[in-house]
Amino acid sequence: MRVLIMADMEGVSGIVRWDQVTGGKAQYEEGRRLYTEEINAAVRGAKAAGATEIVAVDCHGAGGDYSFNSFVPELLHPDCEWVAGHPWSRYTELLEQGCDAALFVGMHARNNTPDGVLCHTISTVKWYNLWFNDDLVGESGINAALCGHYGCPVVLVTGDEAVCREVREILSDGLTTVAVKRGLGRYSARQIPPVRARQMIEDGAYKALKNRNGIQAYVPAKPTTIRIQIDNVEKLADFIGRPGVEFEKSPNANYVISRGDDWMQAWNQVWHW
Ligand SMILES: [Zn+2]
């Protein structure tokens with residue numbers, strides 16, 4: 001059984017502030033240890049459930065050379081391999097080879113979620129709202145659609161209660177969620193201590209993989225329309241001249257609209273690295 005772990009840092013137990021997830025800040029070193037240990041918990045659960053190949057991808061943009069490079073290598077569980085330094089949500093090697101299931105660890109809620117700890121969608125200054133057809137999605141939805149394009153179901157999502165609620169609205173019913181904290185605002189949470197949170201993640205990964213049969217991959221209906229509400233008007237310029245992309249502009253809200261035969265085509269038209 002091949003298992004892909006896609007990981008983000010904001011949804012980890014113990015993390016509630018930007019300084020804990022920003023490379024070079026004093027609190028970052030602690031944050032990345034907390035992050036790495038939650039990955040290890042998922043690896044333990046996946047291995048116990050029968051995984052033979054486990055690849056963990058660091059999807060957290062910590063800034064500069066720390067971006068997608070926040071795991072502490074010497075702490076990582078020896079039974080996984082990991083991807084560092086890869087462009088965001090573009091690691092598809094394992095999916096192309098045929099991946100049985102994906103586990104999302106440490107996820108945060110989409111932008112503008114009142115109880116979403118460190119909530120945002122891709123960028124804190126640009127992407128206000130994002131829809132795949134009628135689904136209002138955050139980063140979990142993007143990564144799930146990437147997996148879904150290759151027929152790989154997401155069977156576990158961990159993070160705060162807000163992201164667990166968010167994914168239950170759009171992903172398959174059989175999904176397992178593990179909430180390690182409950183947001184009291186964007187920068188505050190009532191949390192489960194890391195040691196217990198890790199056990200919950202390990203148990204959740206095990207259970208999710210044991211019960212993965214019948215869990216559907218997330219595939220937005222085809223043809224697919226992607227709609228991005230842009231918060232900062234100057235950022236509209238980033239989308240000029242892209243094939244298949246249109247604008248809907250008004251003084252109240254500005255949208256970038258991308259239509260494709262399927263999700264991947266529509267996504268490729270707006271997401272360049
Ligand atoms: Zn992140």
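Author: Helices (H or I, at least four residues) and strands (E, at least two) are DSSP runs, numbered from the N terminus. The model is predicted, so local features need pLDDT of at least 70 and side-chain atom pairs count only at pLDDT 80 or more, while totals for chains, interfaces and linings use all residues. Residues are numbered from 1 along each chain as its sequence is written.

Reader: Which residue follows α1, and what is its phi?

Author: Helix α1 covers residues 28-48. The helix is followed by Gly 50, whose phi is positive, near 110 degrees.

Reader: How many of the 21 residues of α1 are buried?

Author: A residue is buried if 20 or more other C-beta atoms, placed from the backbone, lie within 10 Å of its own, exposed if 12 or fewer, and partly exposed in between. Helix α1 is largely enclosed by the rest of the structure, because its buried residues number 16 of the 21.

Reader: Is Leu 118 buried or exposed?

Author: Leu 118 is found in the loop between β4 (101-107) and β5, and has a positive phi of about 55 degrees although it is not a glycine. Because 23 C-beta neighbours lie inside 10 Å, Leu 118 counts as buried.

Reader: Which strands stand at the edges of the sheet?

Author: Five strands form an open sheet with antiparallel pairing, in the order β6-β5-β10-β12-β11, where two strands pair if DSSP finds at least two bridges between them. Two strands have a single partner strand each, so one side of each is left without a neighbour in the sheet: these are β6 (135-136) and β11 (245-249).

Terms used: The expected span of a helix is 1.5 Å times one less than its number of residues.
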